[in-house]
Amino acid sequence: MKKIRFIFALVMAKLAIIALKITHHNGTNFPGIVALRICPDFLAYVNQPQKMIAVTGTNGKTTVSNLINDALKADGLVVLNNSLGSNINTGIATSLIYGVNIFNKEKYKIGVFEVDERSAPRIFPYLHFDYMIITNLSRDSIMRNAHPEYIRSLLEKYVSKDTKLILNADDLLSALILPSNDRVYFGIEKMASDLKESHNLINDIRVCPHCHHELAYEYVRYSNIGKAYCPHCEFKAPSYDYALGSVDTDKMTAVFKGPDGNHQYRLLNPSVFNIYNELILLTILSELGYSMTRMEELLNKIDIVRSRFNFETVKGVEVVMLLAKDRNAYACSRVFEYIATSDRKKEIIMMMSSISDSKHWSENICWLYDADFEILLDKQVERIIATGPRGKDYTLRLALAGFDVSKIKTGAIDEAADKLLLNSDSTVYILYGTDSIGEALKVKNKIIDRLKEEKQ
């Protein structure tokens, strides 16, 4: 009976795909919704690619998934992924429906799936993944994820014991997960910008998990990310199996160190978040058997997806779009730190609100007081445009941080470009949330049009 239900669900999902094509609706998880409503355990029956890679974690999973997909495709492989759907069970089901024929025969040899960490109970009991990458586990929206230790408990409960883990040794929240699973660790060796102790508001690992004394760090990058150890017992962060060393953001190079030796690669992006993302890519490629030289060839063919980082210079003014995940203080603080590294004059448009969600629910704004707005106390910041439904909240938070409120302008998103100074040799940063990419592109285009008109 269950098998018949599955076959019926697969047929109806395939018909749904045809209907979507006829009506010109692409990039939807509708076929997965159809399949799971007819057959709730559809994922247990649908055939999957021979090799499966899952990418999960609080931040970076979309970028890492895209990098892996792009690298494997650059190598000539046909990769099944969930870019057409979403990172929850319905989206993954949709991708797997595309990945089999009407007789449930798989059409792909390798699958790379971004998996929402909260969806673990609805995905991992049904699908077998050969590798699972955990980018990091950190504080996210309290309304969505509660606390990172809760998310870790979901992964520990549902991830298969025979899945090989690829873990961030610099992040103890994820590094210590599922100790009986086979694993490799990645990390970044000491950088010139590292500190001895964290100065961020968020620092979720402060005590030794063994003896409960306060942890110390050989070096700390931000929050609780770094090389931790306990001065009172033998506990220390795991050793690196794969590492990036000699990171040079001026020359945009770093040395990748693995079991097969060392090799210098170009950096795809200077932000620390994206340096970790690149390291994860190199780690999984090494695990899949790629040589150092072949990885260099593939790396030269790909880049960070433009919906995450978009850069353009017009008449001496740099216009940078940066994803600053809404309701995520941890991610926003990393963006603020990246902005602070520039010695150019700066203007910032803040529109990282949950714009579409504001129609459906009331956003909890406590995340604003976990984010390090104090980092923006920089004399090079000439103006901040606080816009969108949380514009006044940004203004209040900046005032509490000590920012000069006379430099803050508020207003509607479509007015933001007109409120900029656009002085020569300056950088404009557009900070946007996950659901406002389209709005951010409109703002960017309006800025560019204004620059072209005013600097003829």
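Reader: How many bridges join strand β5 to β6?
Author: Four bridges join β5 (residues 164-168) to β6, and the two strands run parallel. This is a predicted model, numbered from 1 along each chain as its sequence is written, in which local features need pLDDT of at least 70, side-chain atom pairs count only at pLDDT 80 or more, and totals for chains, interfaces and linings use all residues. Side-chain values use heavy atoms, with hydrogens and water left out.

Reader: What counts as a strand here, and as a pair?
Author: Strands (E, at least two residues) and helices (H or I, at least four) are DSSP runs, numbered from the N terminus. Two strands pair if DSSP finds at least two bridges between them.

Reader: Which residue in β6 is the bridge partner of Ile166?
Author: Val184. On β9 (residues 242-248), which is joined to β6 by three bridges and runs parallel to it, Tyr242 is the bridge partner of Phe186.

Reader: Is β6 buried or exposed?
Author: Six of the six residues of β6 (residues 183-188) are buried, so the strand is largely enclosed by the rest of the structure. Buried means under 20% relative accessible area, exposed over 50%, and partly exposed in between (1.4 Å probe, protein chains only). Arg183, Tyr185 and Gly187 point one way, while Val184, Phe186 and Ile188 point the other way.

Reader: New topic. How many salt bridges are there in the whole structure?
Author: A search finds 18. The criterion is a side-chain nitrogen of Lys or Arg within 4 Å of a carboxyl oxygen of Asp or Glu. One of them joins Lys257 and Glu189 at 3.0 Å, N to O. Lys257 lies in strand β10 (residues 253-258) and Glu189 in the loop between β6 and β7 (216-222), so the pair ties together parts that are 68 residues apart in sequence.

Reader: What does Arg397 form a salt bridge with?
Author: Glu374, with the closest N and O atoms 3.1 Å apart. Arg397 lies in helix α13 and Glu374 in the loop between β14 and β15, so this pair links parts 23 residues apart in sequence. Arg397 counts as buried at 3% relative accessibility, whereas Glu374 is partly exposed at 34%.

Reader: And what do the buried residues of α13 pack against?
Author: They pack against β14 (345-351), β15 (381-387) and β16 (408-411), where contact means heavy atoms within 4.5 Å. Among the buried residues of α13 (residues 391-401) are Tyr394 and Leu398.

Reader: What follows α13?
Author: Gly402, whose phi is positive, near 100 degrees.
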